[in-house]
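Biologist: I'd like to learn how to read a structure feature by feature. Can we go through one together?

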Amino acid sequence: LSNARFESPLVRELLSDRSASVAAWMKASTVEGIFDAHYLHGKDEALELTPKTLSLGAATERLDCTFSETSTFKANAERLEWALDATIAGGASGSVVIAGGATLADNDPTSRSLVSTTLRIDVLALTSALRAQLPPPLDDSAEEIDLQSLGAFSLDLPTLNLRWNPSIDSNEPEFYNLSGKASFVGASFNCGLAFSELDAVVPIQLHYEPAAAKPITFRASFDAPRVTVYERIITQMFADIESDAEGDALTITANGNLAKGRFDVSARADIEHDIFSARVRLADADYATISNPKRGVDEPVEGRFEARVSVAGSMGSTPAEIESRSGEGRVSVRNARLADSPVALLALQLSQLMLPINASLNAANAAFTIKGDSVDINTCELTSGTLRLDGSGTMHLPSFALAMRFNPKGTIPLLSDVIGGIMNQLFAIEVSGTLA
């Protein structure tokens with residue numbers, strides 16, 4: 001056969017008798033393309049196929065490949081072998097190399113044969129079209145967190161073993177085992193928090209059998225020189241992700257540098273129910289950098305910031321899933337020029353009816369609860385040497401837009417209580433703005 005087409009009814013019919021799983025995958029992926037083939041019928045039955053072009057994926061996100069002249073797919077009654085070298089066009093332009101084989105147990109094409117192969121992908125970017133064609137379960141996992149990269153992406157899997165159940169008309173394997181590493185430049189993903197500008201090399205180990213007592217054994221870890229969260233730059237980040245004892249959830253630990261301070265994260269992601277819980281702590285960070293992400297990294301430190309936050313809820317990104325998240329936390333600021341913040345500055349200007357104050361507010365403590373993308377600030381105390389503002393309000397994420405109400409009170413014992421009580425009856429200070 002010369003210039004035959006993968007999408008022809010004849011190819012589908014031949015595959016449905018010999019490899020139902022491949023036929024199911026071709027149908028699900030809407031495979032199209034051109035190939036040459038040589039078929040030997042009889043006692044030494046054999047097929048040698050030379051692919052030329054291949055296009056697959058959803059109508060709006062096709063992945064187009066052109067194969068080298070040395071690419072081959074060979075099959076006989078006992079074994080399948082392939083050595084494929086292709087270039088990818090479009091936004092994910094680059095190369096993919098696949099080499100491996102499968103032995104048919106008892107020469108029976110309907111038996112549960114184990115596929116053993118290697119995979120190497122090197123492209124200019126990880127697009128959604130390429131992401132959909134990653135080996136399972138990396139495809140679904142990457143889509144779940146909307147993983148993409150604006151820069152170079154590579155996936156090197158020297159071990160990739162899969163097994164299908166031929167009695168089930170599905171392209172989903174009943175077993176897979178893989179190990180290798182993925183590399184990203186300018187990656188982004190969303191797992192409840194939106195991460196962007198991630199450069200990292202991620203070693204991966206995965207064993208998955210959905211029907212087994214422990215369906216997942218997974219381990220990945222990475223060092224990232226830089227990543228951005230809520231427009232705040234994190235450097236020297238290390239993260240470790242591992243499946244739990246039951247194999248139905250992932251535990252995540254991470255630490256790194258943020259705003260010249262240190263942070264650590266402890267989290268759990270329930271894969272079956274698509275929910276998460278997380279605890280984040282930040283210590284000795286530069287308040288000015290936290291409050292203004294556009295501030296230069298070489299500018300002098302101005303005040304220290306500490307925080308503790310716990311949050312849980314859905315890992316999804318729809319409005320209803322975001323609304324399901326809840327949590328609580330505390331923050332404190334010391335030795336800072338809080339009056340440089342638009343909200344604090346307005347509060348300070350409105351508090352001039354109080355006793356004489358020093359140059360600026362310089363400390364704060366707050367406790368809050370989280371519901372969806374809204375933060376209820378239950379208590380907030382701003383202080384200077386002779387002035388204290390007690391308040392509460394709300395903040396919106398991720399814009400950090402605030403709406404606060406403060407009652408002024410001095411810090412001089414007894415006199416402050418008397419004057420503060422009088423002032424509370426006369427007026428309260430309402431301010432709004434952002435942290436930056």
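Biologist: How many aromatic pairs does a search of the whole structure find?

Modeller: Rings of Phe, Tyr and Trp (its six-membered ring) pair if their centres lie within 6.5 Å; planes under 30 degrees apart count as stacked, over 60 as edge-to-face and the rest as tilted. Here the search turns up 5 aromatic pairs. One of them joins F73 and W82, a stacked pair at 6.1 Å centre to centre with 5° between the planes. Keep in mind that this is a predicted model, where local features need pLDDT of at least 70, side-chain atom pairs count only at pLDDT 80 or more, and totals for chains, interfaces and linings use all residues. Also, residues are numbered from 1 along each chain as its sequence is written, and side-chain values use heavy atoms, with hydrogens and water left out.

Biologist: Are F73 and W82 buried or exposed?

Modeller: Buried means under 20% relative accessible area, exposed over 50%, partly exposed in between (1.4 Å probe, protein chains only). F73 counts as partly exposed because its relative accessibility is 26%. W82 is at 13%, so it counts as buried.

Biologist: What does a tilted pair look like here?

Modeller: Take Y176 and Y208: they sit 5.0 Å apart centre to centre, with 45° between the planes. Helices (H or I, at least four residues) and strands (E, at least two) are DSSP runs, numbered from the N terminus. Y176 is in strand β11 (residues 175–190) and Y208 in strand β12 (residues 194–208), so this pair links distant parts of the chain, 32 residues apart. Both tyrosines are buried.

Biologist: Now strands. In which sense do β3 and β4 pair?

Modeller: Two strands pair if DSSP finds at least two bridges between them. β3 (residues 46–58) and β4 (residues 61–67) are antiparallel, with 6 bridges. L56 has L63 in β4 as its bridge partner. The two strands form a hairpin, with 2 residues between them.

Biologist: Which bridge partner does F67 have in β6?

Modeller: That's A86. β4 and β6 (residues 79–88) also pair in the antiparallel sense, over 3 bridges.
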